[in-house]
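Hi,

Here is the structure we talked about. Please look it over; my notes follow below.

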Amino acid sequence: MKAFTYERAASPEAAAQAAAQHPGAKFIAGGTNLLDLMKLQVETPVHLVDINRIGLDRIEDLPGGGLRIGTMVRNSDLAADPRVRQRYPVLSRALLAGASAQLRNKATTGGNLLQRTRCYYFYDTSKPCNKRTPGSGCSAIGGFNRIHAIVGASDQCIAVHPSDMAVAMRALDAQVETVSPQGQRRVIPIADFHRLPGSTPNVETELQPGDFITAVSLPPPPPGVQLYRKVRDRASYAFALVSVAAIVDAQGGTVRNARLAFGGLAHKPWRVPQAEQALANVPAAPQSYDAAASAVLAGARGQGHNDFKIPLLRRVLAGVLGEATRT
Ligand SMILES: Cc1cc2nc3c(=O)[nH]c(=O)nc-3n(C[C@H](O)[C@H](O)[C@H](O)COP(=O)(O)OP(=O)(O)OC[C@H]3O[C@@H](n4cnc5c(N)ncnc54)[C@H](O)[C@@H]3O)c2cc1C
Ligand code: SF4
């Protein structure tokens with residue numbers, strides 16, 4: 001680990017200002033991703049701003065039935081909150097599908113959104129990686145790419161976003177609230193928060209240097225059954241190969257509408273409007289589910305070792321929609 005300086009921030013504004021004063025500084029929340037990356041020297045911040053005494057650890061009701069989740073709310077507390085379990089079970093299930101109980105006790109809402117990819121080459125500093133060292137190349141293209149993207153990738157990077165929580169939040173149309181070092185507040189729809197790799201895979205979100213996440217807000221829950229299904233190599237303690245967050249409003253054998261977000265497919269939580277349109281007022285039947293899967297997979301391309309994700313996505317989606325529409 002490289003030497004760094006350290007300070008503890010007392011407010012969101014002070015944290016943002018402290019980070020801006022030390023170019024290359026990082027906030028440390030639960031530390032469950034950042035510290036691992038520092039030990040491997042993938043991340044080498046010159047200065048750490050500890051945000052653990054900042055507050056922002058509450059879940060508040062919003063008018064109309066939504067919720068605001070402070071950035072320091074731990075993943076385990078968020079999953080267990082009765083309001084989340086009742087109104088947003090897809091989020092609770094996604095959180096509980098992630099990591100381990102010990103990690104969820106430390107991991108925070110803001111840190112989970114900003115955790116970095118699990119591409120093996122990103123963590124191996126002896127290998128070229130455009131995300132870690134821009135311009136060095138991508139070892140996963142033509143390398144071992146079993147966990148990599150099948151949609152939204154570029155010729156610079158084929159990594160996927162690893163967060164389960166963010167996939168559920170994408171289906172729920174969450175909004176990310178931030179404050180800048182100048183005190184300017186922004187609200188960023190989660191759809192726009194994470195970026196696709198393009199030619200700058202090292203730039204992963206819409207945040208500017210020093211921007212601090214204060215909260216994530218959820219609009220009132222949409223009607224329908226909420227499910228999260230995650231396919232992975234082990235029953236626990238493993239990242240998604242493919243995951244689906246589904247909110248499905250169906251009655252009397254007809255799907256009225258559905259919201260679908262996917263993990264393990266792309267550089268960001270993935271949502272395809274055409275797939276949801278394919279599920280508007282159609283029979284709750286396998287051919288409808290297959291049409292939705294075809295829309296998700298339009299333009300999908302395997303990289304060799306991950307070709308299996310294409311038929312897997314089709315089967316997982318059919319299973320989730322079948323379960324959601326079973327009366
Ligand atoms: C063995 C293992 C298995 C895991 N399995 C899963 C899994 O299956 N699914 C899953 O989703 N996750 C999984 N995780 C990842 C884990 O969920 C993340 O490490 C965790 O959510 C990150 O939160 P944190 O608070 O510890 O973030 P930190 O490590 O403290 O920070 C992560 C990043 O976020 C930044 N940051 C934190 N808070 C803010 C803020 N308020 N504003 C701006 N920037 C901020 C930090 O500067 C840093 O860059 C796993 C982790 C491990 C180690
Ligand atoms: S896929 Fe992205 S993160 Fe992985 S080696 Fe290529 S550039 Fe790096």
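What is the strand order in the open sheet of 5 strands? The order is 4-5-8-6-7, with antiparallel pairing. Strands are DSSP runs of E of at least two residues, helices are runs of H or I of at least four, and both are numbered from the N terminus. Two strands pair if DSSP finds at least two bridges between them. Strand 4 (59–61) and strand 7 (185–189) are the edges; each has a single partner strand, so one side of each lacks a neighbour in the sheet.

This is a predicted model: local features need pLDDT of at least 70, side-chain atom pairs count only at pLDDT 80 or more, and totals for chains, interfaces and linings use all residues. Residues are numbered from 1 along each chain as its sequence is written, chains are lettered from A and ligands numbered from 1 in the order in which they are written, and side-chain values use heavy atoms, with hydrogens and water left out.

Back to the sheet. Strand 6 (residues 175–179) pairs with strand 8 (residues 212–218) over 5 bridges, in the antiparallel sense. Val 176 has Val 216 of strand 8 as its bridge partner.

Next, Ala 25. This residue sits in the loop between helix 1 and strand 2 (26–28). Ala 25 counts as buried because its relative accessibility is 19% (buried is under 20% relative accessible area, exposed over 50%, partly exposed in between; 1.4 Å probe, protein chains only). Beyond its neighbours within four places in sequence, Ala 25 is in contact (heavy atoms within 4.5 Å) with Ala 19, Val 46 and His 47. The C-alpha atoms of Ala 25 and Ala 293 are separated by 42 Å, at 268 residues apart along the chain.

Best wishes
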